[in-house]
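This report describes a structure for a reader who meets it for the first time. It treats the surface and fold, then the pockets, then the salt bridges.

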Amino acid sequence: MFTSVNSRSAAAYKRVSADTGVSTADPHQLVGMLFDGLMQSLNAARGAMERGEVEAKGMAVGKAVRILEEGLKGGLNMAQGGDLAKNLNGLYGYAVQRLTLANLRNDRSLVTEVIDLIEPLADSWKQIRGAAATPAPGQGA
């Protein structure tokens, strides 16, 4: 019924830390955070399926779908993004379809399929920042 002061404090710290991270992040970091949240949700959904936790599975799949639809897909600039934006839009839409089916059928392999599609993209996104921060050979440093 009641939570301890320590757990309430920890929860408050997590909320403030997350809010601060989002409010101080640049657009590249925000997309990275979306990818991180998506991967966490996908892994949580797969784990919940393995344990037979239907409610947790539904919540994790729902969160993953929201991140895909509202965060990643919603952030695409279809007018200026060209083929890249069009292809990402298609990929995110496909991932949503597969996750919906995974949820209905309780099929871990479909969640794994989405992880296998998104993980290389998420990893590449992280490498973009690293590559931009590293001077080319013969320049700077």
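The chain exposes about 9200 Å², and carbon and sulfur atoms supply 56% of this area; accessible areas come from the Shrake-Rupley method with a 1.4 Å probe, and for residues only the protein chains shown count as cover. The model is a predicted one, in which local features need pLDDT of at least 70 and side-chain atom pairs count only at pLDDT 80 or more, while totals for chains, interfaces and linings use all residues. Residues are numbered from 1 along each chain as its sequence is written, and side-chain values use heavy atoms, with hydrogens and water left out.

**Fold**

The chain contains five helices and zero strands, and its elements follow the order α-α-α-α-α from the N terminus. Helices (H or I, at least four residues) and strands (E, at least two) are DSSP runs, numbered from the N terminus. Of the 141 residues in the chain, 26% are buried, where buried means under 20% relative accessible area, exposed over 50%, and partly exposed in between (1.4 Å probe, protein chains only). Among contacts with a separation of 6 or more, 61% join residues 24 or more positions apart; a contact means heavy atoms within 4.5 Å.

**Pockets**

A pocket is an open set of points on a 1 Å grid over the protein atoms alone, where a 1.4 Å probe fits, with protein on both sides within 12 Å along at least five of seven lines; lining residues have an atom within 4 Å of a point. Its volume is the space filled by probe spheres set on the points, which are joined across faces, edges and corners.

The largest pocket holds about 340 Å³ of space. Its lining comprises 17 residues, and V31, L76, L88, Y92 and W125 lie nearest the centre. Two or more lining residues come from each of α2 (27-51), α3 (54-73), α4 (82-105) and α5 (108-133). By class, twelve residues of this lining are nonpolar, five are polar and none is charged. Here Ala, Val, Leu, Ile, Met, Phe, Trp, Tyr, Cys and Pro count as nonpolar, Asp, Glu, Lys and Arg as charged, and the others, Gly among them, as polar.

The second largest pocket has a volume of about 220 Å³. Its lining consists of M33, L34, D36, G37, Q40, K63 and I67, with α2 and α3 as the elements that give two or more residues. The greatest share comes from α2, with five residues. This lining divides into three nonpolar, two polar and two charged residues.

**Salt bridges**

The structure holds five salt bridges, each a side-chain nitrogen of Lys or Arg within 4 Å of a carboxyl oxygen of Asp or Glu. Three of them are listed below.

| D36 | K126 | 3.2 Å |

Because D36 lies in helix α2 and K126 in helix α5, the pair ties together parts that are 90 residues apart in sequence. D36 is partly exposed at 34% relative accessibility, and K126 is partly exposed at 46%.

E50 is exposed, with a relative accessible area of 52%, whereas R108 is partly exposed at 41%.
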